[in-house]
Amino acid sequence: MVQVVKKVTAWTADNISAAGEPHIFWMHGYIGSGKSAVSQEVCVTSVREGRPVASFFFFRNTGKRSEIWRLATTLASQMVAVIPQTEPFVRAAVKARPALLRPDQADISLQSQMQYLVYAPFKAAVQEAAIALAGRPFLIVLDGLDQCDNKDEVKELIEGMLAFFNDNPFIPLRVFITSRVEEHIQSHLNVPGVRLDNLANHCSDDDIEIFLHILFDGVTRRNAVIQAYISQHGKWPPPNDIHKLVQHIGGSFIFASAVFKFIMWSTREGSSLATPMDRLHLALKMNPGLDGLYEQTLERSEHLPFFSDIISTIALLNAPLPTSGIAELVGISTNEVVNVLVNLGAIIVVPGTDDIPVTPFHTSLRDFLTTQSRSGRFFAHPQEHVRLFLRCLQCELVYRQHGVGSLTNRSQRSPAAAYALHYSVVHLNQAEGLFESAESDFAIQLCRRTLELNPGAPELIEQLARVQVQARSAECSTDTPQHLQLPFKLRAIGEVSDSHSDSQQTPVNHRLACFAAVDAHEHIESCQTDIVRAMGSPNTPMVVLAGFNEGLIAEDMGMLLQEIHIVSSESLTLEQHVLDAVGKACSPFPSMISMPHGKTIRPPVFNPSENGLCKIVQSYAK
């Protein structure tokens, strides 16, 4: 591994003297081959030798470190610190385009963000400020690029990087990237102009054997059971078993470390594998690779209460939580969480205090748990996102009921409440199409109770609208015949469009669209039974939908529900008295009945303040 670091740092230190010289070095390798260790040591060596360096270490499911939109701002901040001449150019870019700092809330591409915050300021500093790098290029280290959540933006990042270096072949900037071999990365980096290296070619069995000897020698001096065994039987582990372990591990430092933890982790009373010597023989028999280790370790706690809920929660969290936070999300006590995790120390980092999050020893554990073909009975089903979303709603409701206000004071938030505020909508999105009817009703009930505590809160109105729209969309996607074409559709919360409108659409006020969704759901929920009864065809499947007018929403013009649509799966012959009954059921809104083959009928519009029939007029005109 030392030779690998020397190879990379020698490349980073070389000045760029030829147009075809690669600016990008991609080192790839399998799980546990030491990619992050190399990246870390390259950064440390560069700092020690006085070379400017900036870095970003991606890590999946850890919140900020898996979000690529933070990359450019992080690199720009570090660049300004190590190359102060770039500061005025970064500052000018932010002043001209403030949205660069929060591209997740604006229409700013990652490529533009990197260009304005990193590439252009560095280039300007080189050309205009004449910065002296002493023949040592500025180095950017991107570790674990495969751990980034958004694959499309990873491809966009690489494409922008290659384009910049193509236009600036002599710019004193190098980028060192590490990742696993994944198609969206390999297809973009396995090109001319990128230097490639496979870390597996540098991992020898001798390195793994030395590593294991260091681990076992260290623990032998502290473990009375091992010392007693050695005094009677001689050296442990015996050389033959060490050799078998090395062959079994196959060059993976992560696997070597995990196997060592599995062997040495204290097993609870009553187990038949009570000593490290027993567990060594089991380790030699398990399937090669981490999957066998994960399965063997998880079996230790499989029989305990709440095991599946706890493991699924850890696997599906978007950011790690301490044991108390996991307990609150699952709805159990902290000691019950610890009871399950205490035997899993070989694969899960279980901190001794509750202010440190519980994390997998390696991200491959999440891959294992979320891939059914690998994990089998330990599989964390996507349906668990429904449970996590409902628990997030419950956590938020409890804390609002306790008078914590809108929970804007971070010191007053429990870990679970803070997580719920930030990630509940993520679980809602990931649970799309998985809600049962009772779960949708429960979610709507929780949202309404929370909104009652803070009437008019926009974020709570939007949350309620999202739940209602998803419940309605799921119902429509199940019950609406595919051949029926509706003149209006609800794509998603805050995105309302008229499918018959021109391509040049008026921008939608998303907050008002949320109000529209809530208003429509409330009205249709109260009148749909009357509508279906008025149609006089109880055995004909039909769906009642809401139509919106994009222009009215954009212009903030009062009532937002524009029209009620009754979609019938069969062609019906409707007499005038039926149409009158439908119009009264839908009042005060206009209505339209859609049938197969494009046939539509418009019932008359009634004014609820009078009993007389009104003429059909354009609704809600200014």
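1. Arg 174 counts as buried, because its relative accessibility is 0% (buried means under 20% relative accessible area, exposed over 50% and partly exposed in between, with a 1.4 Å probe and protein chains only). The residue is found in strand β4, which spans residues 173-179. Helices (H or I, at least four residues) and strands (E, at least two) are DSSP runs, numbered from the N terminus.

2. The model is predicted: local features need pLDDT of at least 70, side-chain atom pairs count only at pLDDT 80 or more, and totals for chains, interfaces and linings use all residues. Residues are numbered from 1 along each chain as its sequence is written, and side-chain values use heavy atoms, with hydrogens and water left out.

3. A polar atom of the Arg 174 side chain lies 3.0 Å from the backbone oxygen of Trp 11. Not counting residues up to four places away in sequence, Arg 174 touches Trp 11, Thr 12, Asp 14, Asn 15, Ile 16, Glu 21, Pro 22, His 23, Pro 137, Phe 138, Leu 139 and Ile 140 (contact means heavy atoms within 4.5 Å). Trp 11 also belongs to one aromatic cluster with Phe 25 and Phe 176.

4. For the chain as a whole, there are 25 helices and 15 strands. Of the 622 residues, 50% are buried. Among contacts with a separation of 6 or more, 71% are accounted for by residues 24 or more positions apart. The accessible surface comes to about 29000 Å², and 51% of that surface belongs to carbon and sulfur atoms. Accessible areas come from the Shrake-Rupley method with a 1.4 Å probe; for residues, only the protein chains shown count as cover.

5. A search of the whole structure finds 12 aromatic pairs. Rings of Phe, Tyr and Trp (its six-membered ring) pair if their centres lie within 6.5 Å; planes under 30 degrees apart count as stacked, over 60 as edge-to-face and the rest as tilted. Phe 216 and Phe 260 form an edge-to-face pair, because their ring centres are 5.1 Å apart and their planes stand at 80°. This pair links distant parts of the chain, with Phe 216 in helix α8 (residues 205-220) and Phe 260 in helix α11 (residues 253-264), 44 residues apart. Phe 216 is buried, at a relative accessible area of 2%, and Phe 260 is buried at 13%.

6. Another edge-to-face pair consists of Phe 389 and Phe 435, at 6.1 Å centre to centre and 85° between the planes. Phe 389 lies in helix α19 (residues 384-401), while Phe 435 lies in the loop between α20 (415-430) and α21 (437-453), so the pair ties together parts that are 46 residues apart in sequence. Phe 389 has a relative accessible area of 1% and is buried; Phe 435, at 17% relative accessibility, also counts as buried.

7. The next points concern charged side chains. Side chains of opposite charge can pair when their charged atoms come close. The count comes to 13 salt bridges, each being a side-chain nitrogen of Lys or Arg within 4 Å of a carboxyl oxygen of Asp or Glu. In one of them, Arg 180 pairs with Asp 367, the closest N and O atoms being 3.2 Å apart.

8. Glu 299 forms a salt bridge with Arg 377, with the closest N and O atoms 3.0 Å apart. The pair links distant parts of the chain: Glu 299 is in the loop between α13 (290-298) and α14 (307-316), and Arg 377 is in the loop between α18 (372-375) and α19, 78 residues apart. Glu 299 counts as partly exposed, at 34% relative accessibility.

9. Asp 309 and Arg 387 meet through their side chains in a salt bridge of 3.9 Å, N to O. Asp 309 in helix α14 and Arg 387 in helix α19 are 78 residues apart, and the pair links distant parts of the chain. Asp 309 counts as partly exposed at 27% relative accessibility, whereas Arg 387 counts as buried at 19%. Elsewhere, salt bridges that share partners join Glu 295, Glu 299, Glu 302 and Arg 377 into one network.

Technical notes: A polar contact is a pair of N or O atoms within 3.5 Å; within protein, one must be able to donate a hydrogen and the other to accept it, and residues adjacent in sequence count only if both atoms are side-chain atoms.
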